[in-house]
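Q: I have this one open on my screen and would like to talk it through with you. Could we start with what the burial words stand for, and then go through it piece by piece?

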Amino acid sequence: MESFDYSSYLKENEGALTYEKANEYIIKLTSDNPVMKSGVIGKSILGNNLNMLTAGEGRRRYLFVSAHHAMEWITSAVLLRFIGEFNERILKKESIFGIDPLDALSNGRFVFVPMLNPDGVDLHIKGIEAGGILSERLLKMNGGEDFSHWQANARGVDLNHNYDAGFYEYKRLERENGINAGATRYSGEYPESEPECRALCNLIRALSPDVIYTFHTQGEEIYFASGDCVTPESERIGKALSEKSGYALSSPEGLASYGGLTDWAICKMNIPSFTVECGKGENPLPPSDADKIYETLKEMLFASLTL
């Protein structure tokens, strides 16, 4: 099959990429290419599968994760388009940017989690109809039916603050800033309290990836360190990612520097990890930005298979 044509999808569906539509594409991908396999790493609060795609049996292991945050679903569209084009190049045995996909498969093992927060994504896109048995509680947490700025999962926890990296220091900042369960920034009761983060952390502990790439919006930056934490490979890989994308290397500041996947992977697991802040503007970025983001990041994404 050809790679994910998000422009066509957008014209047909007049909106954002839902969990259901992402699943349909994953099924097509894996039925078309026996090299590309699907799996499930766990279930969300509302019982949706946390889907995974894998390819390759090489020594070096790579993990790609998108859509921690509900209104940043556009990162799922970008990652799925990349997976689709990678799949297409495998089938056609075509190189791109000097990278042979068959060589990449023989040297690496690639694991993709395209939508870590399916409940939140559908709440953002569909509104309270996606809330299921938690609808009443969600309406109270959100303060109404407008979920256009919802970032959290279905329990009102911001998944990218739920990792064990400065977690308890962040709880103090939560209290000082009046942050409670709701649309954004609430870290949960304890590290990995949320099934989505717990499933991903269990995958990371089992896989022991050599590199982790996680995709957010927005700012056209790449975070490669967490405070004073940095791995020996971080600068080398970070420079290559920056060169191929044109995005600036940076470090998060303030509340954004606590409890994230990149923070935990670098500081606690000593794994080079990179947060790619896709696109530029105000969240949520418009669906029409997906094509531009992908074209900007395309060379970097293919290069990331070999770094």
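A: A residue is called buried when its relative accessible area is under 20%, exposed when that area is over 50%, and partly exposed in between. Please keep in mind throughout that this is a predicted model.

Q: OK, with that cut-off, how many residues of α3 are buried?
A: Helix α3 is mostly covered, since 17 of its 19 residues count as buried. The helix takes in residues 74–92 and reaches 27 Å from its first C-alpha to its last, which is close to the 27 Å expected at 1.5 Å a residue.

Q: And what follows α3?
A: Lys93 follows the helix, and its phi is positive, near 55 degrees. In the loop between α3 and α4 (101–107) there is also Phe97, which has a positive phi of about 55 degrees although it is not a glycine. Phe97 counts as partly exposed, because its relative accessibility is 42%.

Q: Switching to strands, which ones does β3 pair with?
A: β3 pairs with strand β4 (residues 108–113) in the parallel sense over six bridges, and five bridges join β3 to strand β5 (residues 211–217), again running parallel. If you want landmarks, Val65 stands opposite Val113 in β4, while Tyr62 stands opposite Val211 in β5.

Q: Is β3 itself mostly covered or mostly open?
A: Strand β3, residues 60–66, is mostly covered, with six of its seven residues buried.

Q: Where do Cys229 and Cys267 sit?
A: The pair links distant parts of the chain, 38 residues apart, with Cys229 in the loop between β6 (221–223) and α9 (234–245) and Cys267 in helix α10 (residues 261–267). The link is right-handed, with 120 degrees about the S-S bond. Cys229 is partly exposed at a relative accessible area of 26%, and Cys267 also counts as partly exposed, at 32%.

Q: What about Cys201, how far is the nearest cysteine sulfur?
A: Cys201 is in no disulfide, and the nearest cysteine sulfur, that of Cys197, is 6.4 Å away. Cys201 counts as buried because its relative accessibility is 0%. Cys278 is likewise in no disulfide, its nearest cysteine sulfur being that of Cys197 at 18 Å, and Cys278 is buried with a relative accessible area of 1%.

Terms used: Residues numbered from 1 in each chain as written. Predicted model: local features only at pLDDT ≥ 70, side-chain atom pairs only at ≥ 80, totals over all residues. Heavy atoms only, no water. Helix = DSSP H or I, 4+ residues; strand = E, 2+ residues; numbered from the N terminus. Expected span 1.5 Å × (residues − 1). Buried < 20%, exposed > 50% of the residue type's maximum accessible area, 1.4 Å probe, protein only. Pairing = 2+ DSSP bridges. Disulfide = S-S within 2.5 Å.
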